[in-house]
Amino acid sequence: MLLLGLLLVLGCATLVMLLFIYLTSETYAKVIRFKEEQFYLDPKTAEKLRFPSIEDESTILLSVIVPAYNEEKRLPVMLEECLDYLEKKLNSDPSCTFEVLIVDDGSNDKTTEVGLSYSKKYGCDKVRVLTLSTNRGKGGAVRLGMLSARGKQLLFADADGATTFEDISKLQNNLKELVKDQPMDKALGLVCGSRAHLEKEAIASRSFFRTVLMKGFHLLVWLFAARSVRDTQCGFKLLTRPTARLCFPNLHIERW
């Protein structure tokens, strides 16, 4: 009898929680974009030009979206490696057109100025800076970058350069295999980079407390989200344009 009562209480509590979530949740995500965030600066002419939309047709092969918050020191290292690789690729194959889109997530350092220096050096057709009016969080920064991109393929890459950029070739090969027999402009596909094979080295360099937190977080992700992705936190993800159109307008959480 006591067990039945406990189950009844638990069931009622669950029902109340689900009802609360339903009543306080919004069916559609709100994408807030201020007027000044719809434009990028051409540092050579000082002209402000409007960003394209993810709903437009692709005009280049690859867009690299780099969310950056107070990254004036680490960003140049990442950009040097990234642009050196992409320029060599373009020189060897003219079809490998690209853009690097730096999204300054409301930084209070010189992240935007650093990005614009590369835009001036390489031209704003290859490097563009999207400066957000207020800090959104990594999710919000990545989303607005994706919604402003021109690529047939879109890559999310962290500003800290934790992943060697030439590893993009592995992602691209996997993406081609994933969507084979389908035109890239029409196919749905997403490939996630992984550092799971380096986990033992990472644990060795972390404190016991941080390792426990990491394992606990991975368990929660496995239970409630993705079970087939070994490393959900790796900042190196490649997707097709139709996938970006489907995913990013529907993201509800910007802070993570």
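In this predicted model, strand 6 (residues 151-157) is mostly covered, with six of its seven residues buried. The strand has partners in two directions of pairing. Strand 3 (residues 60-68) runs parallel to strand 6 and is joined to it by five bridges; here Ile65 stands opposite Phe156. Strand 8 (residues 236-240) runs antiparallel to strand 6, again with five bridges, and Leu238 of strand 8 is the bridge partner of Leu155. As a reminder for reading this part of the model, side chains in a regular strand alternate between the two faces of the sheet.

Helix 4 (residues 138-146) is likewise mostly covered, since eight of its nine residues are buried. The buried positions are Gly139, Gly140, Ala141, Val142, Arg143, Leu144, Gly145 and Met146. What lies over them? The cover includes strand 3, strand 4 (98-104), strand 5 (127-131), strand 6 and strand 8.

Turning to charged side chains, a search of the whole structure finds nine salt bridges. One of them pairs Glu37 with Arg136, at 2.8 Å from N to O. Glu37 lies in the loop between helix 1 and strand 1 (39-42) and Arg136 in the loop between strand 5 and helix 4, so this pair ties together parts that are 99 residues apart in sequence. Are these two side chains buried or exposed? Glu37 counts as buried because its relative accessibility is 0%, and Arg136 also counts as buried, at 6%.

Another salt bridge brings together the side chains of Asp125 and Arg150, at 2.9 Å from N to O. Asp125 sits in the loop between helix 3 (111-122) and strand 5, while Arg150 sits in the loop between helix 4 and strand 6, so the contact ties together parts that are 25 residues apart in sequence. Asp125 is partly exposed, with a relative accessible area of 47%, whereas Arg150 is buried, at 9%. A further salt bridge links Asp167 and Lys170, whose closest N and O atoms are 3.6 Å apart. Asp167 is partly exposed, with a relative accessible area of 26%, and Lys170 counts as exposed at 53% relative accessibility. Through shared partners, salt bridges also join Glu99, Asp125 and Arg150 into one network.

Leu18 is found in helix 1 (residues 2-24). An α-helix has 3.6 residues a turn, so residues three or four places apart point the same way.

Terms used: Residues are numbered from 1 along each chain as its sequence is written. This is a predicted model: local features need pLDDT of at least 70, side-chain atom pairs count only at pLDDT 80 or more; totals for chains, interfaces and linings use all residues. Side-chain values use heavy atoms; hydrogens and water are left out. Helices (H or I, at least four residues) and strands (E, at least two) are DSSP runs, numbered from the N terminus. Buried means under 20% relative accessible area, exposed over 50%, partly exposed in between (1.4 Å probe, protein chains only). Two strands pair if DSSP finds at least two bridges between them. Contact means heavy atoms within 4.5 Å. A salt bridge is a side-chain nitrogen of Lys or Arg within 4 Å of a carboxyl oxygen of Asp or Glu.
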